[in-house]
Amino acid sequence: MDWDNVRAFLAVARQGQFLGASRALRVNQATVARRISALESALQATLFERSTTGVNLTEAGRKLLSHAERMESEMLQAEADLRQQDVHLSGTVRIGAPDGITTYFLVPAMEALMERHPGIDIQLVPMPLTVSLARREVDIAITLEEPEAGRVVSRKLTDYSLGIFGAKSYLNRMGIPQKAEDLAHHRLIGYVETYAFSAALNYVQDLLGGHRMAFECASAVGQAEAVRHGLGLGVLHHFIAADMPDVAPVLPERRAQRTYWLVIHEDVRALGRIRAVVDHIVTEATRRRTLFNAPV
């Protein structure tokens, strides 16, 4: 089987559509369709059921998928073995992570990496939902919970803390709460509960209690900006608040502790470019650990 045709098959199977596969492979949609047709012709089997909303694997497609993934694993291992002979690292590395750590940690942390390895292209994918390493949607994932299954390798990246904050302009106007009961008299900013994809996101309930939320946003960045613009009091990661001189802590004894996990698929862990990016992220997280965890 032609490997390029198999790559196209894997991309379509993972994306569920030809357009998404063409974007993932960076080729036009006609090329993807032509490769799938060539593969189906070579195998004398229909691999996808087409519809107006996308495609689904046929029984033959499901049988081929496991073989194709093994082929992919072998190709990745071959690349890893060959790359070890070459000190020049190149290629694309896609990182999926919640928007808060993406915007306020990964983006500023990438400058030194890109200077050191100009051949590596970085793609940051802020993802509010759990990304799929198995479907190779990303190469590296930063998650709120440690994966319990799958062919992945995980390690604790860092613990982090959260607290209640308000814009200084808001606090000057509305006053600073002195005890938890005072929160009932303030506008509160929270997370849209129906979009809380992880139990780790229950920190709003933990810190702000059962009080009414005047403003909700399904994004850590959105919540941080709402606090910064004086919409009310909200829960911020301490490493995010550290870069916002116009906000101040409120009721500092009320805090929550959570953990970020760094996860990669077993098949790509040996690739030089993946190792370089993982090592850099771990080094930067270790260096900034005091920012992630505010003193008690």
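Please keep in mind that the model is predicted. Helices α5 and α10 pack against each other with their axes 10 Å apart, and the structure also holds seven aromatic pairs.

**How α5 meets α10**
- Helix α5 covers residues 99-116 and helix α10 covers residues 272-287; the angle between them is about 125°.
- The two helices, α5 and α10, are therefore oblique to each other.
- Their crossing is right-handed.
- On the α5 side, the contact is made by F105, L106, A109, M110, A112, L113 and R116, while α10 contributes A276, V277, H280, I281, E284 and A285.
- Sorted by class, this contact of α5 with α10 has 10 nonpolar residues, one polar residue and two charged ones.

**The F9 and F48 pair**
- The ring centres of F9 and F48 lie 5.4 Å apart with their planes at 45°, so this pair is tilted.
- F9 sits in helix α1 (residues 3-15) and F48 in strand β1 (residues 48-51), so to speak distant parts of the chain, 39 residues apart.
- F9 is buried at 0% relative accessibility, and F48 is buried at 3%.

**The Y260 and F292 pair**
- With ring centres 6.5 Å apart and planes at 80°, Y260 and F292 form an edge-to-face pair.
- Y260 counts as buried at 1% relative accessibility, and F292 counts as buried at 1%.

**An aromatic cluster**
- Ring pairs join F105, Y160, F239, Y260 and F292 into a cluster.
- One of these residues, F105, also takes part in the contact between α5 and α10.

Technical notes
Residues numbered from 1 in each chain as written. Predicted model: local features only at pLDDT ≥ 70, side-chain atom pairs only at ≥ 80, totals over all residues. Heavy atoms only, no water. Axes fitted to C-alpha atoms, helices over the stretch in contact; angles between N-to-C directions. Helix = DSSP H or I, 4+ residues; strand = E, 2+ residues; numbered from the N terminus. Parallel < 35°, antiparallel > 145°, perpendicular 65-115°, else oblique. Left-handed = near helix turned anticlockwise from the far one by under 90°. Contact = heavy atoms within 4.5 Å. Nonpolar A, V, L, I, M, F, W, Y, C, P; charged D, E, K, R; others polar. Phe/Tyr/Trp six-rings, centres within 6.5 Å; stacked < 30°, edge-to-face > 60°. Buried < 20%, exposed > 50% of the residue type's maximum accessible area, 1.4 Å probe, protein only.
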